[in-house]
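Colleague: I have a few questions about one chain of this structure. Can you walk me through them?

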Amino acid sequence: MDSAAGVVLEVRDLRAYLYTRWGVVRAVDGVSFVLREGETLGLVGESGCGKTMTGLSLVRLLPEPAGRIVDGQVLLEGEDLLAKSESEMRAVRGRRVSMILQDPQTSLNPVFTIGDQILEALGQHHVDGERSLAARAQEALRRVKVGAPEQRMRAYPHQMSGGMKQRVVGAIAVAGEPRVLIADEPTTALDVTIQLQYLALLKEIQARTRLAMLFITHDFGIVARMCDRVAVMYAGRIVETGPTRALFRAPRHPYTEALMASVPRLEGHVARLPSIEGQPPPLHDLPPGCRFADRCAYVADRCRREYPPTMPVGLAHEAACWRNEPSAPSR
Amino acid sequence: MARVEERIDESALGRPRGDLARLPWVSFAIIAVLVLVAVLAPLIAPHSPTEQSLPDKLLPPAWEAGGSARHLLGTDVLGRDVLSRLIYGARVSLIVAAVALLAGGGIGLIVGIVSGYLGGRTDSFLMRSVDATLTFPTILIALLLAVSLGPGLRTIAIAITVLIWARFARVVRGEVLAVKTRDFVALARVHGCSHLRIMAVHIVPNVLNTFMVLLTLHIGFVIIVEASLSFLGAGIPPPTPSWGQMVSDGRSHIASAWWLSVVPGAAIMLVVLAFNLFGDWLRDWLDPRLRQV
Amino acid sequence: MLEERAIGAEPLIRVENLAKHFPVTRGVLIGRTTGHVKAVDGVSFTIGRQETLGLVGESGCGKTTTSRLLLRLEQPTAGRVLLDGRDIHALRGADLVRYHTRVQAVFQDPWSSLNPRLRVRETIAEALVVNRRVTRAGKLERVEEVLHQVGLPLSAAARYPHEFSGGQRQRIALASALAAKPELIVLDEPVSALDVSIRAQIMNLLKDLQARQQLSFLLVAHNLATVRYIAQRTAVMYLGRIVEHADTETLYRSPLHPYTKALFAAALPADPDAPRDDMILSGEVPSPIDPPSGCHFHPRCPFAMEQCARVAPELKAVASGHVVSCHLY
């Protein structure tokens, strides 16, 4: 990595496992990345690659009792979150690191009004007068462009549309003025025209508050639109990280390359899409070598024996593939 | 959690380990012993359950002072062997439970499936009947039935059937409503399946898990109802032994001959507990969501 | 209303002014109808043999209800669905049995569309067993044939759905749709529940099957890129009506209706350097219980004119095979 300037969050060799009756599921298996002030890092991968578990690990909200963080560091402005007590963590969540989840339906409590839920989020984090709290809650709604916030404060979640609810979730998430926002597929449940509105809103909030955003998604279209940098995850590990443009122009990990090629395009007709055959390996029974080896078009003997180290392939661009080894014979 | 679950589907993982280890062996053993004892009662029982021997009346259990090895659990007012009566009583409990659960459970299953699948007016009518049944005071209805039909095994079975079918119907209907919205039911209609086939092939097998759990969890309930009715004198007429009746008979001697009520009472408690624990285990075992971790 | 592709040849499916209104009731004991959700409100289109029609739109636009009307899962409030010229909702007896072999479906969620209690071969053979007299050997032979066609091992037949991954399950669902040798398969979001790397596999399979077996597809989807890849013609729906309908190539090259344009603007291309034609629509899709007057889209339309609120635009042909419902044209 170049400089430590503006680094808000640094994750070092994070490992989070699920202890199930079938064995140990290595959902997050040595993940490292940094997140700088005002930037958006896209964490891309398919279901089961560990991207959601990574997000949950950062705020230590793994599913109980199976999930456990077994190793690594999560440094928020230099402090290791994994070393904090549970009560110290409560002061971090919402206040310094917030989360927006996929389904606004389950993020809001159906029996409380929108106002109550925003006030609760605010009240927990700052001790303030009643009146100024209510004013700040309305301000929070106004910031996420919810019309008529005075009335909306008294509404219940079921009285709002999905897009509106997700805005409220966003309002709650940014109410505590966090430094880091983890957005886990926040627009998957929304329609495309509503998705575009929501993404524009997130960008706007980020521009104003300079918060660092970890955007978890499987959609390369969203990545292209939202992210400054991208990290591609496969079977519990990040296989490639780089600036968005560089990674889209010249992906250096065969998985990234194949995945991007298999996405149908809007522009220009394609006679036949290349597809990745097979399935990712089960996370409780991982091969010793590269986890993509079985599905890789360039697989060599070495790939099956040794997991490739992360190697630099360009400016702030790195990938974990033996093909990028400087001395490797070009294939 | 949802997406994590999706990934840990059994396809990749095969059968989970440790299922048998979690089987409630104690419950299982009690149930096995109960069934064996009931089936083999004539071979096991040391005495006839109805044979009276007034000279031996009110003998305490063998370990008490004055107890005899001939009557391990003592004798009652008429000198009948308590252990033998307990063994034969197990038969009554199991027969009543089996008959009532098959009849009540069966009716409940059918009503629940028809009600949930057809919906509309049929559903409204059947569910109002269920509500009506559930509002009756349980024991009172059974007593009324016993009075009008005369006491006996048949009466008890009918009374309990009337009591439990509605509970089954309501739970099964809820389950059917959930299954009905799954896409494979719509696809069955696209394939041209008749309503009867959809219910038989697509609905019933998918509510059977819930039904089985409901059955096991109700065995204990049925045994208690049978005991209560017998205790109140509306159950199995003497001299056929039944646990509830034994508790009732011993009531007046509780100060002098405690074993007459305590022994059958303990048997009821143990068996009901065993069935309930077994039912809980079965529910967890059959529910893949609970089997995850 | 729509131009016929081959003159004289009757299309496989002809949908005429199809409408489905769901009553909205209030009250717990005595239901009172307080209005209607006009889920589908006068939709017409045709699907030719070996053709794919893509039906796109956002949630609540009526595309799924339209597909359910074609599958006879709903009864239309008005209009007809003609299969080879005969109204499918009037079919009885042997004709109905034949319909059930000719029209099949694949749904979005492969976790919900397979009965977990049935072996794969029973699921696949259902349409055969129910509608045709088949011997046990004949059934198994057909099951093996379709398993082969969808690229699954023959050993899959004896297994249960939970032993398969999402992509494999969707292949099983497809095999089940193929078993009775249908002519039309309704595909309701067939790949949107699948992982990105699996989607291409299934889409390629669909294209191959269509080419080999002269199948027609009605593809219901919200993803424009998916529709572009599979469908020869595309219809865009908004609040129960088709607002634009054309050859896929024409529609994607020059969308005319402002809503179609907005949909394209909202579809994010997987390219950081793609030109950003940001046409962010204000507001959300209005309730179909009380849709806006005139053109349903006018409250959100950046080009709305005075007459748009009063007069509902007709579908007009602006070019050969390209119809649009907008006062601008």
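Colleague: Which residues of helix α9 of chain C are buried?

Modeller: Bear in mind that this is a predicted model. A residue counts as buried if 20 or more other C-beta atoms lie within 10 Å of its own. In α9(C), residues 258-266, that applies to C:Pro258, C:Tyr259, C:Thr260, C:Ala262, C:Leu263 and C:Ala266.

Colleague: What covers the buried residues of α9(C)?

Modeller: Part of the cover comes from chain C, including α7 (224-230), β9 (233-238) and β10 (241-247). Chain A contributes too, and its element in the cover is α8 (192-209).

Colleague: Which strands stand at the edges of the open sheet in chain C?

Modeller: The sheet has 4 strands, paired antiparallel, in the order β2-β1-β4-β5. An edge strand has a single partner, so one side is left without a neighbour in the sheet. That describes β2 (32-47) and β5 (86-87) of chain C.

Colleague: Which residue stands opposite C:Leu82 in β5(C)?

Modeller: Strand β4 of chain C covers residues 78-83. It pairs with β5(C) in the antiparallel sense over 2 bridges. Opposite C:Leu82 stands C:Asp87.

Colleague: At what angle to β2(C) does helix α1 of chain C run?

Modeller: Helix α1 spans residues 63-70. The helix lies across β1 (13-26), β2 and β4 of chain C. Its angle to β2(C) is about 75°.

Colleague: What is the radius of gyration of chain C?

Modeller: The C-alpha trace spans about 65 × 55 × 50 Å along its principal axes. A compact globule of 329 residues would have a radius near 20 Å. Chain C agrees with that, at 21 Å.

Technical notes:
Residues are numbered from 1 along each chain as its sequence is written. Chains are lettered from A and ligands numbered from 1 in the order in which they are written. This is a predicted model: local features need pLDDT of at least 70, side-chain atom pairs count only at pLDDT 80 or more; totals for chains, interfaces and linings use all residues. Two strands pair if DSSP finds at least two bridges between them. Two residues are in contact if their C-beta atoms, placed from the backbone, lie within 7 Å. Axes are lines fitted to C-alpha atoms, for helices over the stretch in contact, and angles run from 0 to 180 degrees between N-to-C directions. A residue is buried if 20 or more other C-beta atoms lie within 10 Å of its own, exposed if 12 or fewer, and partly exposed in between; C-beta atoms are placed from the backbone. The radius of gyration is taken over C-alpha atoms; the globule rule is 2.2 Å times the number of residues to the power 0.38.
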